[in-house]
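Please look over the sequence and the structure first, then read on.

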Amino acid sequence: MTADPVSVPLPLPDLARLRPRQQMAIDCARCARHLGMSGQVIGDVRYRGLLFRLWICEDGCRSRVRGEL
Ligand SMILES: [Zn+2]
């Protein structure tokens, strides 16, 4: 039985692989959809000395078209 820390509910995406729009919380960090006025924070990531707050779709990316990604 493994003891996973409960404070990390999701694996955070690699900042270096995200597009600038995803890094700036304009697009979803997971599926790259435009967030608009909704979304949820999945965590903060430090990258190149800067702290980025990553956002994903408010519905957890469930409403995107099936089969993508
Ligand atoms: Zn999404």
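How many buried residues are there among the eight residues of strand 1? The count is zero, and strand 1 is hardly covered.

## The model and its confidence

The structure is a predicted model. The mean pLDDT of the chain is 84, and 75% of the residues reach 70 or more. Among the elements of the chain, helix 1 has the highest mean pLDDT, at 95. Strand 1 has the lowest, at 92.

## Overall layout

The chain contains one helix and two strands. Along the sequence these follow the pattern α-β-β. Helix 1 covers residues 20–23, strand 1 covers 40–47, and strand 2 covers 50–56.

The chain has 69 residues, and 14% of them count as buried. Among contacts in the chain with a separation of 6 or more, 43% are between residues 24 or more positions apart.

## The two strands

Strand 1 and strand 2 pair in the antiparallel sense, over seven bridges. Two of the facing positions can be named. G43 stands opposite L54 in strand 2, and D44 stands opposite R53 in strand 2.

D44 is found in strand 1. The C-alpha atoms of D44 and W55 are separated by 9.2 Å, and the two residues are 11 apart along the chain.

## The turn of the hairpin

Strand 1 and strand 2 form a hairpin with two residues between the strands. R48 lies in this loop between strand 1 and strand 2. In the hairpin, R48 takes a positive phi near 55 degrees.

R48 counts as exposed because it has 7 C-beta neighbours inside 10 Å. R48 and L15 are 33 residues apart along the chain, and their C-alpha atoms are separated by 9.6 Å.

## The nonpolar core

Which residues make up the largest nonpolar core? There are seven: L18, C28, A29, L54, W55, I56 and C57. L54 also belongs to the strand pairing, where G43 stands opposite it.

I56 has contacts on several parts of the chain. Leaving aside neighbours within four places in sequence, I56 is in contact with C28, A29, R30, G39, Q40, I42 and C61. Among these, C28 and A29 are also listed in the core.

## Before helix 1

R17 is placed in the segment before helix 1. R17 has 7 C-beta neighbours inside 10 Å, so it counts as exposed. The C-alpha atoms of R17 and A29 are separated by 10.0 Å, with the two residues 12 apart along the chain.

## Between helix 1 and strand 1

A32 lies in the loop between helix 1 and strand 1. A32 is not a glycine, although it has a positive phi of about 70 degrees. Because A32 has 17 other C-beta atoms within 10 Å, it is partly exposed.

## After strand 2

Where is C61 placed? C61 is in the segment after strand 2. C61 has a positive phi of about 70 degrees, although it is not a glycine. With 16 C-beta neighbours inside 10 Å, C61 counts as partly exposed. C61 is one of the residues in contact with I56.

G60 is also found in the segment after strand 2. G60 counts as partly exposed, because it has 14 C-beta neighbours inside 10 Å. G60 and R30 are 30 residues apart in sequence, and their C-alpha atoms are 9.0 Å apart in space.

How values were computed. Residues are numbered from 1 along each chain as its sequence is written. This is a predicted model: local features need pLDDT of at least 70, side-chain atom pairs count only at pLDDT 80 or more; totals for chains, interfaces and linings use all residues. A nonpolar core is a set of buried Ala, Val, Leu, Ile, Met, Phe, Trp, Tyr and Cys residues joined through C-beta atoms within 7 Å. A residue is buried if 20 or more other C-beta atoms lie within 10 Å of its own, exposed if 12 or fewer, and partly exposed in between; C-beta atoms are placed from the backbone. Two residues are in contact if their C-beta atoms, placed from the backbone, lie within 7 Å. Helices (H or I, at least four residues) and strands (E, at least two) are DSSP runs, numbered from the N terminus. pLDDT is the predictor's confidence in each residue, from 0 to 100. Two strands pair if DSSP finds at least two bridges between them.
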